[in-house]
Amino acid sequence: MKNILIVGGGYVGMYTALGLRRLVRRGEATVTVIDPRGYMTYQPFLAEAAGGAIEPRHVAAPLERVLKHARVLTGRVTRVDHFTRSVEFQPAQGPARVVGYDILVMAAGSVSRPMPIPGLAEHAVAFKTLGEAVHLRNHVLEQIALAASTDDPAVREEALTFVVVGGGFAGVEALAELQAMADDAVRRHPELKPRWLLVEATGRILPELDGTLGEWTVEALTRRGVDVHLNTTLTSAQDGLVALADGTRLQAGTLVWAAGVKPNPLAQASDLPLDHAGRIKATEYLTVEGVPDAFTAGDGAAVPDLTKEPGQFTAPNAQHAVRQAKHLAKNLAAYVRGRGLKPYRHAYLGSVAGLGHHQGVAQVYGIKLTGFLGWLAHRAYHLGWVPTFSHKAKVLGNWTLAMLFRREAVHLTGIEHAGDDFRAALETAAPAPAGRPR
Ligand SMILES: Cc1cc2nc3c(=O)[nH]c(=O)nc-3n(C[C@H](O)[C@H](O)[C@H](O)COP(=O)(O)OP(=O)(O)OC[C@H]3O[C@@H](n4cnc5c(N)ncnc54)[C@H](O)[C@@H]3O)c2cc1C
């Protein structure tokens, strides 16, 4: 009986555990999954969750429910000592403890890539987690409510200035969906003119797609009033004053940082081999290079891309993560039974991106689609990959309702400050007369 430990319950972790349910016989192995959130996030729909087109809970698959055959521990792995086959596990509260295993699967993915830019930590919100998506939805709507209520033109201008840094999928989709939501929210206030800026360090956006689709997207966003700044970078965000290398300066109430990801720093707290970028070195069999009983895949792993020149690695995207997870589960089952492993090989199929307002771009099997057809392709492709039937049905239900009714432009900022009103009430409450309980 082998104890398999999966660190991370995202794409790779969850789909590997699901694969093992079918492939490993009872009595052959136990599976434990550790994840700090306890749910798998369907990240390609984060933008739609931020824009209010999808209910945030419908893009999160609870691991306890999906992985009934596995033990799920909610908390963070803080150290991996593969030599002793153990990890340090830190639950949300209480002391850390050691969890042992026989076989390790490292699937802790990536984290937002920060940069040493003044003011970034204080003023920017990253775009990688469901919490950030929900926060941004509330924040953008709150800024619009502020702009509609103030008499001060400077406060209004700042509230209505939204800057997104990063022209990859995350940045472009976040900007497009949030702008679509903001357009809905200002419909009753023609005097409010939100200003949206997209900042990209290179000369093009959506680099995963053909250049013509990136150009089409720049034109489509520009037609919608978005200021697209290419070939420039954010140099400062001190005191909310956004400064770009091209000389642009503006006071922004919202700054979204979506300028790429880096491997999860947990890899540094392990005794596994890493490459120059901090990714765990993987073989084409999805095992860790030169290390027995250890597997890895996804954003945090340097997996050789057998469809390209030697020395190239698979891109950090969901397309690879899902397929690598399924392959990893098969190899892991073979490993448990002492059989041979098969190399992972997957040629890139293309990508899709949703831009809100029924627009999108897609490049699948060499076919390029833009506008409404691109948007349909984006939704159809991603709906197919949403985990669990019930989540697919709920997402479809969200979209159907969105066609019939306007989206809810309500900012639930009270959620993030729950308890403030009660504490204020306690502070102002008169002391109870002596001898009488309150
Ligand atoms: C906004 C956004 C949009 C995207 N859109 C697309 C798209 O359209 N198409 C596409 O192909 N790809 C897209 N991607 C990329 C895709 O989501 C990732 O490539 C994929 O999630 C990688 O899978 P993974 O399992 O390696 O990492 P993840 O899915 O991120 O899973 C990592 C898991 O590890 C857990 N974890 C982190 N730290 C620890 C720790 N210390 N201990 C234990 N567990 C830990 C995390 O909670 C998480 O659940 C998008 C990503 C983002 C952020």
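Residues are numbered from 1 along each chain as its sequence is written. In this predicted model local features need pLDDT of at least 70 and side-chain atom pairs pLDDT 80 or more, while totals for chains, interfaces and linings use all residues, and side-chain values use heavy atoms, with hydrogens and water left out.

**Exercise 1.** Find which residues come nearest to the ligand, and which polar side-chain atom lies 2.8 Å from one of its oxygen atoms.

*Solution.* Begin with the shell, where a residue counts as near if one of its heavy atoms lies within 4 Å: of its 31 residues, Val12, Asp35, Gln43, Asp299 and Ala318 come nearest. Next, look for polar contacts, which are pairs of N or O atoms within 3.5 Å; the side chain of glutamine 43 supplies the polar atom 2.8 Å from a ligand oxygen. Finally, a polar backbone atom of asparagine 317 is 3.4 Å from an oxygen atom of the ligand.

**Exercise 2.** Explain why the ligand lies between domain 1 and domain 2.

*Solution.* Take the bounds, which come from an automatic or database domain assignment: domain 1 is 2-43 + 60-110 + 262-336 and domain 2 is 120-259 + 350-404. Because both domains give residues to the shell, the ligand lies between them.

**Exercise 3.** Decide whether strand 2 is largely enclosed or open.

*Solution.* Strands here are DSSP runs of E with at least two residues, numbered from the N terminus.

Definitions and conventions. A polar contact is a pair of N or O atoms within 3.5 Å; within protein, one must be able to donate a hydrogen and the other to accept it, and residues adjacent in sequence count only if both atoms are side-chain atoms. Buried means under 20% relative accessible area, exposed over 50%, partly exposed in between (1.4 Å probe, protein chains only). Helices (H or I, at least four residues) and strands (E, at least two) are DSSP runs, numbered from the N terminus.
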